[in-house]
Amino acid sequence: MQTETKPVTQKVGKPRLSKGIRDHLVAYSFIAPNFIGFALFTLVPMIFAVILAFVKWDGSNPMNFVGIDNFIRLVKDTTFHKALWNTVVYTVGVVPLTMACALGLAILLNQKLFGRNFMRTAFFFPYVASLVAVAAVWNFIFSPTMGPLNNLLHLLTGIPIEDLPRWAADKDWAMFTVVLFTVWKNMGYYMVIYLAGLQGVNPELYEAAELDGAGGWKRFVNVTIPQLAPTTFFVLMILVINSFKVYDIFINLFAGADNQLNDSTRVLVYQIYNTAFRSLDYGYANAMAIVLFLIVMGITIIQFRGEKRYGQ
């Protein structure tokens, strides 16, 4: 008796993904939220800003393509030249003073002093304090007639108050005032960075220099400065970039009084803001923003090359 043999049917399941593909999908799932946020709120606006730099648009009427006319306007625009020059002057004033004060404070507060932790906190506090609040306090201190600074100078020197500097209310002193304010507010932050750099200096180098008869100044020049070179370069680049992008300090100290000060406090980002949101010339404002972007990118490239050089 023969028995019928049924053909064996093999169950066909869903194709399984390889382990490598699964690992990539898991990795992309973690990256996707940040990338989507970056694309929506950073990448797309940047691309749109580049497009706007080549059009004329007031936000309501249709866009008109003008090519490089906006950039040609920049070459002839004396107000833009003034804003760029003010930004450079501000940068030249802020960067070396902030670095010198931050380094001096770091070296001082790296010593074993009474109340050292309190002093570190006190110098760092202006950086985290509300900019609006401290700007209001500074405007009161530097008030030409009622401010305590001019009244103190009047008592010490006998010079009439009306002959003393008007500080933030004078076009010749306004930039000096904002430089002092910026240095005071930010030096505590860079002091912390220098303190971190000082912790990495090998104390045996100081001992060897002291055995060789080197005094405090020679130890500072021949040991501290070379060992802090990467930290100093990092602080320099960050300060320069932040100085070119400054806006909030000027708007809080002068509150739109640039016309009364003969545009002596009009910096580049503030000029971009005025052109875009007051004059409603979005295309021209974005052309200025592209120029600022190129400046900051150039500084950043120098920073990366410097970091690579010090890392070797």
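Asn 64 is found in strand S2, which covers residues 64–65; strands (E, at least two residues) and helices (H or I, at least four) are DSSP runs, numbered from the N terminus. The structure is a predicted model, in which local features need pLDDT of at least 70 and side-chain atom pairs count only at pLDDT 80 or more, while totals for chains, interfaces and linings use all residues. Residues are numbered from 1 along each chain as its sequence is written, and side-chain values use heavy atoms, with hydrogens and water left out.

**Around Asn 64**

With a relative accessibility of 47%, Asn 64 counts as partly exposed, a class that lies between buried (under 20% relative accessible area) and exposed (over 50%), as found with a 1.4 Å probe and protein chains only. When residues up to four places away in sequence are not counted, Asn 64 touches Phe 54, Val 55 and Lys 56, where contact means heavy atoms within 4.5 Å. Asn 64 and Gly 283 are 219 residues apart in sequence, and their C-alpha atoms are 9.5 Å apart in space.

**Nonpolar cores**

In soluble globular proteins, nonpolar side chains tend to be buried together. A nonpolar core is here a set of buried Ala, Val, Leu, Ile, Met, Phe, Trp, Tyr and Cys residues joined through side-chain atoms within 4.5 Å. The largest such core has 38 residues, and the members that touch the most others are Tyr 194, Val 235 and Leu 292. Two or more residues of this core come from each of helix H3 (78–109), helix H7 (174–199), helix H10 (229–244), helix H12 (268–277) and helix H13 (282–311), and H13 gives the largest share, 9 residues. Leu 292 touches Phe 244, Leu 268, Val 269 and Ile 272, again without counting residues up to four places away in sequence. Apart from this core lies another, of 24 residues, among them Ala 135, Phe 142, Val 179 and Tyr 270.

**The largest pocket**

To find pockets and cavities, a 1 Å grid is laid over the protein atoms alone: a cavity is a set of points where a 1.4 Å probe fits but cannot get out, whereas a pocket is an open set with protein on both sides within 12 Å along at least five of seven lines, and lining residues have an atom within 4 Å of a point. The largest pocket holds about 420 Å³ of space, a volume being the space filled by probe spheres set on the points, which are joined across faces, edges and corners. Its lining is made of 16 residues, and those that lie nearest the centre of the pocket are Asn 110, Gln 111, Leu 198, Tyr 206 and Thr 224. H7, helix H8 (203–211) and helix H9 (216–227) each give two or more residues to this lining, and the largest share, 4 residues, comes from H9.

Helix H9 also contains Pro 226, which counts as partly exposed because its relative accessibility is 43%. The C-alpha atoms of Pro 226 and Val 201 are separated by 9.8 Å, although the two residues are 25 apart along the chain.

**Salt bridges**

The structure holds 3 salt bridges, each being a side-chain nitrogen of Lys or Arg within 4 Å of a carboxyl oxygen of Asp or Glu.

| Asp 281 | Arg 73 | 3.0 Å |

The salt bridge between Arg 73 and Asp 281 links distant parts of the chain, since Arg 73 lies in helix H2 (residues 69–76) and Asp 281 in the loop between H12 and H13, 208 residues apart. Arg 73 is partly exposed at 36% relative accessible area, whereas Asp 281, at 11%, counts as buried. Asp 172 is exposed, with a relative accessible area of 58%, while Lys 171 is partly exposed at 41%. Arg 266 is buried, with a relative accessible area of 9%.

**Positive phi angles**

Most residues other than glycine have a negative phi. Trp 167, which is not a glycine, has a positive phi of about 50°; Trp 167 is found in the loop between helix H6 (148–157) and H7 and is buried, with a relative accessible area of 8%. Leu 280 also has a positive phi, near 55°, and lies in the loop between H12 and H13, where Leu 280 is partly exposed at 39% relative accessible area.
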